[in-house]
Amino acid sequence: MNGGPSGFTNAPVTRAFIIASALFTIFFGIQGRFGTLGLSYQDIFGKIRLWKLIMSIFSFSSTPELMFGLYLLYYFRVFERQVGSNKYSVFIVFSILTSLLLEVLAVALLKDPTANLVTPGPYGLIFASFVPFFFDIPVSTRFRVFSFLFSDKSFIYLAGLQLLLSSWKRSILPGMCGILAGSLYRLNVFYIRKAKFPEMISSLFSRISLPSMGSPRAPSSARNVVRNLPSYPTHQMERNYPAPMQAAVEPTEDSITTLVSMGFDRNSARQALVQARNDVNVATNILLEAQSH
């Protein structure tokens, strides 16, 4: 099990979120203001501090939390590669807003005006991601250590447990809210899994992302041939796609590896990439649509 190719290939949204989280955490750390972060009853129902609500989404309250949190965010980039940047952005917004709403409700019920009940950081997104991680990422290897059975997924669970218990009650609360948010997303509440942002927003984000974050570009000669390629339905891909055309748009090994790491068959992944002109996001949609029929 792995997150696909190293780096942020086909994961520009994850890259932007990790950079923002790291910068905000470093900023507050340099100023020695970690103690001012975290949500309390007074921040929400007393003197409303909107800036603390916003900062609680991005900034961690300590260096160990930052390290474990960014590691998990980096690993979970596999979900952006699987569903595409647009739908993953919807997942991020839904997870953060839903978990934040649940945290506010929990703080309202506890009614402790003197304590910071919720530690800051993107706990909602991180622990919401454990829901698809549990259900959708298969175990590829198992091994024993001192008679205890582990899998390649165990390390991710251990990192999540460390983050969940990092601030004890203050971190357990947002972690549980994140798991609930991820469960609601998986249950497709309000048909959220079909939601997408307008293409104008998606194209704007693509323009500001570094070129190296996208799919590898084919040579100009191959792109000229690709423009004239016809489009075929997924189930006719293998028998109808002309062999000479396949050679002109041969998928890169990194793109094939990315799809295989998501659990797709290698041959099917290659055929989907040929049809999608080596665009991993489009190829993923092709494979998912083929599985649904």
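In which hand does H14 pass H15?

**Figure 1. Overview of the predicted protein model.** The protein contains 16 helices and four strands. Of its 293 residues, 45% are buried.

**Figure 2. Close-up of the crossing between helices H14 and H15.** Helix H14 spans residues 253-261, and helix H15 spans residues 266-275. Their axes come within 9 Å and cross at roughly 125°. Angles over 145 degrees would count as roughly antiparallel and those from 65 to 115 as roughly perpendicular; H14 and H15 are therefore oblique to each other. The crossing in which H14 passes H15 is right-handed.

**Figure 3. Residues at the contact of H14 with H15.** On the H14 side, the contact is formed by Glu253, Ser255, Ile256, Leu259 and Val260. These residues meet Arg266, Ala269, Arg270 and Leu273 of H15.

Figure 4. Within the helix, Ala269, Gln271, Ala272, Leu273, Val274 and Gln275 are buried. Among these buried residues, Ala269 and Leu273 also take part in the contact with H14.

**Figure 5. Close-up of the packing of helices H7 and H9.** Helix H7 covers residues 123-136, whereas helix H9 covers residues 169-186. The two axes are 7 Å apart, and the packing angle is about 50°. An angle under 35 degrees would count as roughly parallel, and the roughly perpendicular range begins at 65; H7 and H9 are therefore oblique to each other. This crossing of H7 and H9 is right-handed.

**Figure 6. Residues at the contact of H7 with H9.** H7 contributes Tyr123, Gly124, Phe127, Ala128, Val131, Phe135 and Asp136. From H9 come Ser171, Pro174, Gly175, Gly178, Ile179, Gly182, Ser183 and Arg186. The residues of this contact divide into seven nonpolar, six polar and two charged.

Methods
Residues numbered from 1 in each chain as written. Predicted model: local features only at pLDDT ≥ 70, side-chain atom pairs only at ≥ 80, totals over all residues. Heavy atoms only, no water. Axes fitted to C-alpha atoms, helices over the stretch in contact; angles between N-to-C directions. Helix = DSSP H or I, 4+ residues; strand = E, 2+ residues; numbered from the N terminus. Left-handed = near helix turned anticlockwise from the far one by under 90°. Contact = heavy atoms within 4.5 Å. Nonpolar A, V, L, I, M, F, W, Y, C, P; charged D, E, K, R; others polar. Buried < 20%, exposed > 50% of the residue type's maximum accessible area, 1.4 Å probe, protein only.
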